Amino acid sequence: MKFAIITHVIHGKISDKYFGYEPYVREMNLWIKNASEVLIVAPLESIPKSPIQEFYVHDSIAFTPVKSFDISNIKNTLYSLMVMPSIVLKIYQTMKRADHIHLRCPGNIGLLGCLVQIFFPSKPKTAKYAGNWDLNAKQPITYRLQKWILSNTFLTKNMKVLVYGEWENSSSNIKPFFTASYFEKDKIEVKPRTLSGKISFVFVGTLSNGKQPLYAIQIIELLHKKGNDVQLLLYGEGSERASLEKYISDNHLENIVKLMGNQNQETIKKAYLENHFVVLPSLSEGWPKVVAEGMFWGCLPIASRVSCVPNMLQNGNRGLLLDFKLNQDIDHIESILIDNNLYQEKVSQAINWSRQYTLDVFENEIKLLLQS
């Protein structure tokens with residue numbers, strides 16, 4: 001089977017091996033496991049491999065590089081109009097060769113893939129919509145257009161669209177799905193953490209406005225001011241790093257807030273195992289792997305009410321949901337900090353729920369999708 005992947009994910013290359021964002025590539029390695037040839041259409045740049053990137057595992061990859069583009073301003077829009085015809089042609093040629101077409105959405109390359117796939121109604125297709133599928137969410141028009149095309153069974157035929165969470169009034173081709181990070185064999189007994197001594201929080205993700213690491217810092221800052229012995233470790237890099245460093249310095253938080261940079265999966269796993277809470281005050285998510293991974297290792301999530309997060313946390317039974325009212329959020333967090341039994345109960349429920357979603361189950365679900 002020739003398996004085609006159309007994605008906006010930026011790739012790199014070392015010798016004859018391609019790499020990309022580790023969680024994405026780790027998942028794609030399961031999709032392509034039984035493919036005879038993999039056809040990838042994606043941006044390719046001369047970049048060094050970082051700890052948060054991974055190699056594809058396959059002996060036959062045909063990579064078609066395309067330009068990244070966006071329509072954030074007039075200049076970028078004009079450039080986009082120049083490069084899009086070439087991208088569309090390359091996507092069409094790749095889809096024509098493929099036995100199975102797989103789209104990664106939302107993204108600008110994925111949007112073009114959504115349009116081109118219309119011309120291949122008889123070919124089996126899957127799409128992974130890795131963002132928030134909530135049709136009422138405020139999102140860019142390009143995201144809404146992708147949702148509309150994918151859920152329109154007149155335009156989109158012979159495709160299963162995988163989305164996070166269950167949504168009412170969905171079309172027949174929409175399938176609730178999940179993402180996994182660990183295998184069944186990775187399950188180990190989690191050492192109980194008690195709420196005594198220093199209480200440690202972690203933030204894992206891009207240091208960007210969308211992930212709101214500053215709000216995580218402000219939570220720790222106020223908890224500390226109220227007399228709680230707390231600390232926050234932030235794992236990740238991004239455009240907000242300099243401003244976060246300044247905020248930490250200006251407010252003398254160096255002893256309780258530390259920027260750890262990008263780290264590999266094993267280091268992040270260790271952080272989940274050793275700390276009490278994982279904080280994700282994100283403005284938008286699909287399936288927040290940070291939340292699921294933290295739960296897997298007994299690191300209780302404190303997360304925003306976006307996408308399928310309330311369902312993951314069972315409306316607060318398996319973690320805490322943020323309201324973005326700082327004092328109110330602090331009150332909710334402190335109500336757990338003073339009740340170790342409640343904390344342990346929530347952690348136990350979080351572990352039991354998250355460990356249903358292993359890569360073994362995920363791989364089997366993928367096989368079923370490709371066989372049907």
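Analyst: A residue is called buried under 20% relative accessible area, exposed over 50%, and partly exposed in between, with a 1.4 Å probe and protein chains only. The model is predicted: local features need pLDDT of at least 70, side-chain atom pairs count only at pLDDT 80 or more, and totals for chains, interfaces and linings use all residues. Residues are numbered from 1 along each chain as its sequence is written, and side-chain values use heavy atoms, leaving out hydrogens and water.

User: Is C105 buried or exposed?

Analyst: C105 is buried, its relative accessible area being 3%. C299 is likewise buried, at 0%.

User: How many disulfides are there?

Analyst: A disulfide is a covalent bond between the sulfur atoms of two cysteines. The criterion is a pair of cysteine sulfur atoms within 2.5 Å, and the count is 0. For C105, the closest cysteine sulfur belongs to C114 and lies 3.8 Å away, too far for a bond. For C299, the closest is that of C308, at 18 Å, again too far.

User: In which order do the strands of the open sheet stand?

Analyst: Strands are DSSP runs (E, at least two residues), numbered from the N terminus, and two of them pair if DSSP finds at least two bridges between them. Here 6 strands form an open sheet with parallel pairing, in the order β13-β12-β11-β14-β15-β16. β13 (257-261) and β16 (320-322) each have a single partner strand, so one side of each lacks a neighbour in the sheet.

User: How many bridges join β12 to β13?

Analyst: Strand β12 (residues 230-235) is joined to β13 by 4 bridges, and the two run parallel. L234 stands opposite L259 in β13.
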